[in-house]
Amino acid sequence: MCHLQGADDDGDHVELIVNGQKRITNAPGDTPLLWVLREDFGLTGTKYGCGIGMCGACSVRIDGMVVRSCSFGVENVSGPIETIEHIAENDGEPVISAWEELDVPQCGYCQPGMIVAATALLREKKDLDEADIKEAITNICRCGTYSRIVKAVLKASENV
Amino acid sequence: MSENRLIKLDRRELLKVGSVGLLGVGLTACSPAEVTREPIHFDSFISILPDNKIEVVVPDVELGQGVFTTLAKIVADELGADWDSVEARIAQGSAEFANPLKGYQATGRSQAVQGFYTPLRTAGAAVRSILIQAAANIWSVASTDCSVQNSYVICNQDGRKLRFSELAEDASSLALPESPDLKPQSEFKLIGHTTKRLDTPAKCRGSAEYTIDVQLPGMLSAAIKHGAWANGEIQIGNEAEILSMPGIAGIVKRPEFIAVVAEKYYQAQKVISTLRVTAPEMATPPVTSSAYRTKLRDDLDASDGRVLDDAPPIAFGVRDLEATYSVPFLAHATMEPMTCVARFDDGAIDIWTGTQGPALAQTEIAKALDIAPDKVSIYRPFAGGGFGRRFFFDYCLQAALIAREFPGRPVKLIWSREEDTANDYYRPAVAARLRSRLTDGGMISAFSAQVSAASILEQNVPGVLKGGPDRTLFGGLNNTPYEFGEARFVWHEQISPVRIGMWRAVSYSQNAFFMESFMDECAHSLGQDPAQFRLEHAQSDPRMRSVIEKVMDMSGWSDGRPLGIAAVKSYGSYVAQVVELSDASERIQAKRVWCAVDCGMAVDPGGVIAQMESGIIYGLTAALYGEITFENGRVDQSNFHDYRMLSLLETPEIETAIVDSGAALGGVGEPGLPPIAPALANAIFAKRGMRLRELPFKLDVN
């Protein structure tokens, strides 16, 4: 378990563990994690949607917990970060196959965040019903892929 | 066929487009090996790669509506390509990709498949015929003895076969036939069948590239603050201090916006909120949306409306029905806010953005920079939603003007959600009064509709109406499948105090609510079944009748449960929907929605169903929550907390059926939306006896 701190002794950079690798950013400590991931580390799968933590397009996992990275200062990160790029290659696989089987995405912009949320939900609870999914996933989709998302999470829950 | 635009591009030009395009449209990974491979380009749409992959250039932008897949498969089916080896790429801005139904390049009015179905089939068939000819020449057999399958040409006599890629070079020296034989429908393997979307894998893994994801060497980022400053005399109190910060590249000041440009967007965005702008702001019109709404409704009493087609006045009697409805301004709220990358260098500009209107953007950027239109190149990544918003080019123009200040360096302009919400081209607020004369036989024998609305066309292209009425304001009122005997349509012209534009389904988004709510009111007033009442008035339109009958059947309409129905013809397609409300009494919530659609042949049935679901959710959001208000020219809403979206928890179960009428192709991106608001209103009436004539339905239903 890595131990992370905010600003180092010089106060001019922050060390992070991102997708299993040590990364350093010179961004000020209050910079939203979202932009550090996107601009400093080139991890553009995590999207900007609202900047106020409402839509969930920026969802990542920190220490296994879903965090809306647009509203999370980089100095507050206290555990390893996993983004969609990493989750897709690891425990997101059953979720993504269900997503592909049902052809869930339309514009697709919210989908990485949806998949991060769904993967976390399935880790928490294996035996899901429709109501659980609807209660748990509060991310916003503007194209209206919601009904397929529910079906895809149910399908993924059978394969996890 | 001459209008087919099978223009052979200059090879150097194509290679340039190819390499830049790969950077811009990142579905295909941009490895050096892939950039240096030598594809053979047959026409604007089709290239064959050495590894026997087929690349299809799709002329429309992918906004979520699925054209990336649907248009590619139209080509692939005619070509005889192995679907698993087809790669698609979104076309850059170019007149050769003009939609034949429009005459210019734009994605909208649900016309992508309608417009390109025949040109793309023809392109696929033409290339197939020269590949076959090339093989026949090698084998010294007649071309009629050859066929295609899974990207091979096969000799029917002995089963010999050659890959398309092995034939491509020979074939490219043959002339493309102008009128190749098209496949009979019975031989379609992809068209008419559901195929997996080509963009799904990348969109699930975070590797699909949107404009906001474009990364170019030396790129700067810009944050923007809109305003209206008098005389361009903008003073920023802390300008020198900001410009001295490491990482800040500059501040661009224009009368209509200020942009902070920095090495990182997060810095630009942080700094822009600290600007101390001291310039006097231009006086904004002292208009509020509530006063505008009152004016819209009051003007329905005025006698000076413009009558369409000089229709004579209708004599209505005392027992005839009249109802007044209204809808508010709406924002598009695409998930990806307005974003554009621009690079200005040596008198030319490259633009990356998922625009719906590249032709217009190109013209206007050229004008603003005073350069020739052919010096403006537009490359299009995926768009994170469009719904009409990305037809407008305001943000592209801003990016171009900003980039001009930093020659040689690409600049990525990202609007914050707050700027996006407050600076939209809003769906206009509209009020309407509908009247009908009802007969003893239970029919409508005369109908009139007065519409009080500003014209999107006139506001955006002043003078375009030349004093005449804006007929586009009447879609869903004066072109319904219903027959009423007498009919009259009147426009009470308004000047909108805020920018207005096309929003999903445009005038149908409000008119269907008026019309289909009113049909319900007429039916109830006559004591008739609302579904049956619609059937009676659509006697001569079997397509309308069959979607209504289908949705009645699906929903168990005749059981007598309290359900709401609406049926709308728009963009060449017919859609009927039935809504059942949840029993929760504390709020209005649709529990189930049944949807029957006849869009002619469904080129991709799965895609059609997805678009119906999409239109229903988009329309439900508007019906339940959508409302932009303003005071003194300032929009009150700023983000998703006060411009609310339907949530997963509030999503009804949706069941869609496709009715195959064999009719000509219709659109699907928009037609799913118009029926949902009136079907919901009619369900509320059926279940609770309340007639709601104003959107959104935010009333406390207790």
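**Exercise 1. The interface**

How many residues of chain B are in contact with how many residues of chain A? Work out the extent and make-up of the interface in this predicted model.

*Solution.* 

Step 1. Count the residues. On the chain B side there are 57, and they are in contact with 49 residues of chain A.

Step 2. Find the area. The two chains bury about 4,500 Å² between them. Carbon and sulfur atoms carry 57% of this area.

Step 3. Pick out the leading residues of chain B. B:Tyr266, B:Met335 and B:Leu648 lose the most area to chain A. Together they make up 20% of what the chain B side buries.

Step 4. Turn to polar pairs. Between chain B and chain A, 33 residue pairs are in polar contact, both residues at pLDDT 80 or more.

Step 5. Assign the chain B side to its elements. Helices H6 (200-205), H8 (265-272), H12 (417-422) and H17 (605-624) of chain B each give two or more residues. H17(B) gives the most, with 9 residues.

Step 6. Sort by class. The side of chain B that touches chain A has 26 nonpolar, 18 polar and 13 charged residues.

**Exercise 2. Salt bridges**

How many salt bridges are there between chain B and chain A, and how many over all chains?

*Solution.* 

Step 1. Side chains of opposite charge can pair when their charged atoms come close.

Step 2. Apply the cut-off: a Lys or Arg side-chain nitrogen must lie within 4 Å of an Asp or Glu carboxyl oxygen. The count is 6 between chain B and chain A. Over all chains it comes to 54.

Step 3. Check the interface example. A:Asp40 and B:Lys264 have an N to O distance of 2.7 Å. The pair therefore meets the 4 Å rule.

Step 4. Check the example within chain B. The closest N and O atoms of B:Arg121 and B:Glu78 are 2.9 Å apart.

**Exercise 3. Backbone exceptions**

Where is the cis peptide bond that joins B:Leu695 and B:Pro696? Which residue has a positive phi although it is not a glycine?

*Solution.* 

Step 1. Most residues other than glycine have a negative phi, and most peptide bonds are trans.

Step 2. Between B:Leu695 and B:Pro696, omega is about -5°. B:Pro696 is found in the segment after H18 of chain B.

Step 3. B:Asp310 has a value of about 50°. B:Asp310 lies in the loop between strands E11 (306-307) and E12 (321-327) of chain B.

Note on methods:
Residues numbered from 1 in each chain as written. Chains lettered and ligands numbered in written order. Predicted model: local features only at pLDDT ≥ 70, side-chain atom pairs only at ≥ 80, totals over all residues. Heavy atoms only, no water. Contact = heavy atoms within 4.5 Å. Buried area = accessible area lost by both parts, 1.4 Å probe. Polar contact = N/O pair within 3.5 Å; in protein donor to acceptor, adjacent residues only side chain to side chain. Helix = DSSP H or I, 4+ residues; strand = E, 2+ residues; numbered from the N terminus. Nonpolar A, V, L, I, M, F, W, Y, C, P; charged D, E, K, R; others polar.
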